[in-house]
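These are my notebook entries on one structure.

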Amino acid sequence: MISTATKIADFNFGNCLMNAAGVYCMTREELAEIEASAAGSFVTKTATLEARTGNPEPRYADTHLGSINSMGLPNKGFNYYLDYVTELQKQADTKNHFLSLVGMSQKETHTILKQVQASDYQGLVELNLSCPNVPGKPQIAYDFETTEEILSQVFSYYKKPLGVKLPPYFDIVHFDQAAAVFNTFPLAFVNCINSIGNGLVVDDEAVVIKPKNGFGGIGGDYVKPTALANVHAFYQRLNPSIQIIGTGGVKSGRDAFEHILCGASMVQIGTALHQEGPAIFERITKELKDIMADKGYETLEDFRGQLKYMN
Ligand code: DHB
């Protein structure tokens with residue numbers, strides 16, 4: 001019997017595939033569709049203290065090789081998502097979930113997380129340190145000092161399972177420095193990667209999205225090698241208690257297989273889910289199981305992290 005079941009911290013998931021934050025997760029209705037699909041979990045749209053309308057439209061475009069977006073953190077305010085995951089948690093046959101959060105300032109991040117700490121929610125939180133699309137706000141995780149400061153403060157009061165969503169890093173020294181920071185905290189997981197920030201797609205003579213004169217986060221085929229590199233770099237460097245969620249460029253069972261081979265315990269689907277809808281989870285699960293069957297693997301543990309090097 002081949003299984004794609006997995007575990008993050010103390011939470012079990014019947015399938016390792018789920019949505020990536022930002023895709024199919026803005027409303028209860030979208031989240032309910034992921035819940036009803038073959039996905040093992042869902043993560044909610046990254047939420048701020050107050051609801052936001054985000055950047056002007058068009059702010060997402062599909063391209064031949066993926067997507068570009070500059071949504072600008074539109075969301076319904078964190079209480080909307082906290083209420084929904086807390087409600088689901090009370091149901092007998094529920095899946096486990098991830099609540100994605102970040103403040104518009106450090107102060108706001110702490111206000112939100114203190115409320116989640118005090119709430120009935122017992123599930124996982126993904127603190128998003130990598131939103132590239134809010135004008136004037138740099139990605140937190142590219143500033144290691146600020147990252148360290150935020151995490152030290154967070155872990156002084158936040159005692160529930162928490163992980164971080166990371167932007168891609170592109171230099172070995174940055175993998176070393178980032179991992180050294182994360183290894184000092186009791187993180188449940190790191191999620192690699194968010195979109196490659198601030199790309200530019202040109203169609204004929206014009207940009208394809210309106211905000212920031214066309215600059216936006218890149219996802220899809222373009223990002224898979226960068227995603228795999230980040231998954232594997234952190235798999236090699238982090239304490240084994242910090243698990244890896246792999247995100248970036250997954251549109252087939254083969255892509256998911258590669259993320260797991262590089263060290264991922266769970267695999268998220270963004271651009272391809274946007275393009276194909278929640279039925280994608282059934283397709284990719286089957287493709288992944290077929291690959292596992294071909295290779296004689298029965299569980300993800302049989303090949304997770306087992307990437308082969310040349311000697
Ligand atoms: C948005 C984009 C991101 O990549 C992210 O991590 C958070 C928010 C956005 O533009 O809404």
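I counted two rings of Phe, Tyr or Trp (its six-membered ring) as a pair if their centres lie within 6.5 Å; planes under 30 degrees apart count as stacked, over 60 as edge-to-face and the rest as tilted. The model is predicted, so I took local features only at pLDDT of at least 70 and side-chain atom pairs only at pLDDT 80 or more, while totals for chains, interfaces and linings use all residues. Residues are numbered from 1 along each chain as its sequence is written, and side-chain values use heavy atoms, with hydrogens and water left out.

Entry on aromatic rings. I searched the whole structure and found twelve aromatic pairs. Tyrosine 142 and tyrosine 169 form an edge-to-face pair, because their ring centres are 5.8 Å apart and their planes stand at 80°. I located tyrosine 142 in the loop between strand E7 (124–128) and H4, and tyrosine 169 in the loop between strand E8 (162–166) and helix H5 (172–182), so the pair ties together parts 27 residues apart in sequence. Helices (H or I, at least four residues) and strands (E, at least two) are DSSP runs, numbered from the N terminus.

I then checked accessibility, where buried means under 20% relative accessible area, exposed over 50% and partly exposed in between (1.4 Å probe, protein chains only). Tyrosine 142 is partly exposed at 38%, whereas tyrosine 169 is buried at 3%. I noted a stacked pair as well: the rings of tyrosine 297 and phenylalanine 303 have centres 5.1 Å apart and planes at 15°. Phenylalanine 303 is buried, at 0% relative accessibility. Ring pairs also link Tyr142, Phe144, Tyr169, Phe175, Phe182 and Phe234 into a cluster.

Entry on charges over rings. I required NZ of Lys or CZ of Arg within 6 Å of the ring centre and within 35 degrees of the ring normal. The charged end of lysine 114 sits over the ring of tyrosine 157, 4.9 Å from its centre.

Entry on a sheet. I traced an open sheet of four strands in the order E4-E5-E13-E10, with antiparallel pairing. Strand E4 (60–63) and strand E10 (196–200) are at the edges with a single partner strand each, so one side of each has no neighbour in the sheet. Strands pair if DSSP finds at least two bridges between them; I found four joining E5 (residues 66–69) to E13 (residues 215–220). Glycine 66 stands opposite glycine 220 in E13.

Entry on serine 156. I found serine 156 in helix H4 (residues 144–157), exposed at 53% relative accessible area.
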